[in-house]
Amino acid sequence: MDLEKKTKWSSAGALIALGIVYGDIGTSPLYTMNSILNSARSTQHLNEFVIGSVSLVFWTLMLITTIKYVLIALRADNHGEGGIFALYSRVQSINKKWLLIPALIGGSALLADGTLTPAVTVTTAIEGLKGQGIGFLSFPNDQFVVMITVTAILVVIFAFQRAGTKKIGNLFGPVMLVWFLFIGFFGLINIFSDLSILKALSPIYAIQVLLSPENKTGIFILGSVFLATTGAEALYSDMGHVGKHNIYISWPFVYTMLILNYMGQGAWIMTHSSQANLLKQASNPFFEILPHSWRLVGVILATLAAVIASQALISGAYTLVSEAINLKVIPRLRTFYPSDERGQMYIATVNWILCAIGLIIVWVFQTSHNMEAAYGLSITITMLMTTVLLFEFVKKYQSGLVASVFAIVFGFIEVVFLIASLGKFLHGGYATLIIMLAILLMMTVWFYGNKRREQIAKKDDYLSLRDYRKQLVNLSEDENEPLFATNLVYIANVHQNYMLKRSVIYSLIGSKPKRAAVYWFVTVRDATDPYEKSYSVDMMGTTHMVHVTFRLGLKVEPQIHLYIKQIANDLIKKEVLKPQFPRYAIDKHGSVSDFKYVIANQYSADLLRLPNIHPWDRFLIGGRLWLQGHTVKPSSFYGLELSDVIEETVPLFLDNNKRVKLIQSDLKNVVKKDND
């Protein structure tokens, strides 16, 4: 679906949105009310507690998901794309460098919390079969069997990622439509068992339960309530797949079905509040509201919905990481595109890291109840960081007063949720925070390690390409020098006034001159439009030197060799470059000859010879170089795997290689020539 189609709503687009956007938030009824029930200390005044809790769920979804994300955040798109990095790209033009900090914190927290989604949703769905006998089928009440089943499902989900989700994705929408109708229908039926649950529509009961002395957990109940809206950030991040207008028309339906189910679960709890063992039994209200004959159907649908939620999370993680790579805050990773469908991608490293963490979570926490205790903590941090960036967006396009009101209202709400979620820290929240800090550390090292290297480097590390233009033209025409390559390409950013690293000039003429018919200097810039793929050409007044500046969006695969070859053919057709007439070629009509690429690798041992460098700078720069050596090489990232590539090692700081002056101590046995 192209961008033009996604900007308009349609019934088909709304159906697709159900399958792509709402997987995470759509499966929250599986565990939210169960978590709330587990936080109740006694059955005394349980009805008031349940009504207040459902009211908190209703108004949390109204304020955070509906107002903040659907009505406000979706307007802060970046050429149709959403998510915290797309939002940062939209507001970074304000020239406030500190805006990168909330973007990094929010992005790392979103990735960390998302590692639990497949584990908790699939586990909760499978646990619906524990101890159940359905016809001749029976599922033993054995947690080991549950973990084995969940492990098998998770491995299958992640193993099929490389094949792409285009075909199976077409089924997501209809399945989720059935899922929402299913949970809404059985929720509605159970509401009639105790109509007093309708009081939850009033915010008064939400406030009362927070202040009630009968609520022994106090505001920490919000840690469980928040589970109902954990998919709101994913809704914003996945906007680019379906378009904001399809979310606008589908969200009211989804919201209604979710609330019906929450109310139905609440009514069931209230009608069974007299049971002495209600809080001790391991039953989940979501499955208890289903008639026994529908339990198997419920588990099957819940499992399918959990798989879809996992798929949406995994695809969202690919998108988030891809955007972070192009923003240069995450190391380069190999990206595979399984189909021509826009936005379809596969990043093996991300896929198997998510799989490994998910399996560890399953085997360490074992039950969905334990996983719920770890779930949702770091996503509150992401929401807070999104609020910070949205404040800058609203201030830029509205007014300072409106932006301040927005920041105060939602900042206060989310700070309260964060404080409440901190109660989960010792019960498992530490797991996602550890993952978040690890991701944040990697982002910090990668981005600021490069920044500090550039700041420490002296101006002498850069030379103007213009000053060496005459030498390069002469070298190109000097037939006494052997031809190194017909087209010699350097992927090295050229800055203002044609300034580039001294190592590039040294590579060309400093040691053994590299003669070429055409010298290409490639600069890659980030484009505002995530799908932009444009370029500009500067011939520098010669027919032997070409400076190409690419502007590539966040979601564009950088296939530099294909781009350069296309540009070369175009320039030859326009008679800007001379035809190269390759003597041997598959295509005899081709006018472009061979290409050779030169990529510089920095020599990390230089750090050991810099006694005056600050330890923190040494850590940042050294860490960046270590990551460079253990991730995808630049040649692979730029699509040069099948090209002729030379990797040269250059020092980090050229001017730190101080010249040593030798002192001659003696001169012996010199034979002098006879002048006669």
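This note goes through a predicted model point by point.

1. **Overall make-up.** Start with the whole chain. There are 676 residues, and 54% of them count as buried. The chain holds 27 helices and ten strands. Look also at contacts between residues at least 6 apart in sequence: 82% of these join residues at least 24 apart.

2. **Cavities.** How many cavities of 30 Å³ or more does a search of the whole structure find? The search finds four. The largest cavity has a volume of about 260 Å³. Its lining is made up of 24 residues, and the closest to the centre are L110, A234, L313, G316 and A317.

3. **Who lines the largest cavity.** Three helices each supply at least two lining residues: α7 (100-114), α13 (232-237) and α17 (295-326). The largest share comes from α17, with eight residues. By class, the lining has eleven nonpolar, nine polar and four charged residues. Charged residues are therefore present in the lining, given that Asp, Glu, Lys and Arg count as charged.

4. **A buried threonine.** Find T27 in the loop between α3 (23-26) and α4 (32-39). Is T27 buried or exposed? T27 has a relative accessible area of 0%, so it is buried. The cut-off for buried is under 20%. Set aside the neighbours within four places in sequence, and T27 is in contact with T121, A305, A306 and A309.

5. **A helix pair.** Now turn to α20 (residues 377-397) and α21 (residues 400-421). These helices pack at an angle of about 175°, and their axes are 9 Å apart. That angle makes α20 roughly antiparallel to α21, because angles over 145 degrees count as roughly antiparallel. The contact of α20 with α21 has 15 nonpolar, six polar and two charged residues.

6. **K328.** This residue has a positive phi of about 65°, although it is not a glycine. K328 sits in the loop between α17 and α18 (348-365). Its relative accessibility is 41%, so K328 counts as partly exposed.

7. **N497.** Which residue in the loop between β4 (483-491) and β5 (499-501) deserves a look? The residue is N497. N497 has a positive phi of about 60° and is not a glycine. At 56% relative accessibility, N497 counts as exposed, because the cut-off for exposed is over 50%.

Notes. Residues are numbered from 1 along each chain as its sequence is written. This is a predicted model: local features need pLDDT of at least 70, side-chain atom pairs count only at pLDDT 80 or more; totals for chains, interfaces and linings use all residues. Side-chain values use heavy atoms; hydrogens and water are left out. On a 1 Å grid over the protein atoms alone, a cavity is a set of points where a 1.4 Å probe fits but cannot get out, and a pocket is an open set with protein on both sides within 12 Å along at least five of seven lines; lining residues have an atom within 4 Å of a point. Grid points are joined across faces, edges and corners, and a volume is the space filled by probe spheres set on the points. Helices (H or I, at least four residues) and strands (E, at least two) are DSSP runs, numbered from the N terminus. Buried means under 20% relative accessible area, exposed over 50%, partly exposed in between (1.4 Å probe, protein chains only). Contact means heavy atoms within 4.5 Å. Axes are lines fitted to C-alpha atoms, for helices over the stretch in contact, and angles run from 0 to 180 degrees between N-to-C directions. Angles under 35 degrees count as roughly parallel, over 145 as roughly antiparallel, 65 to 115 as roughly perpendicular and the rest as oblique.
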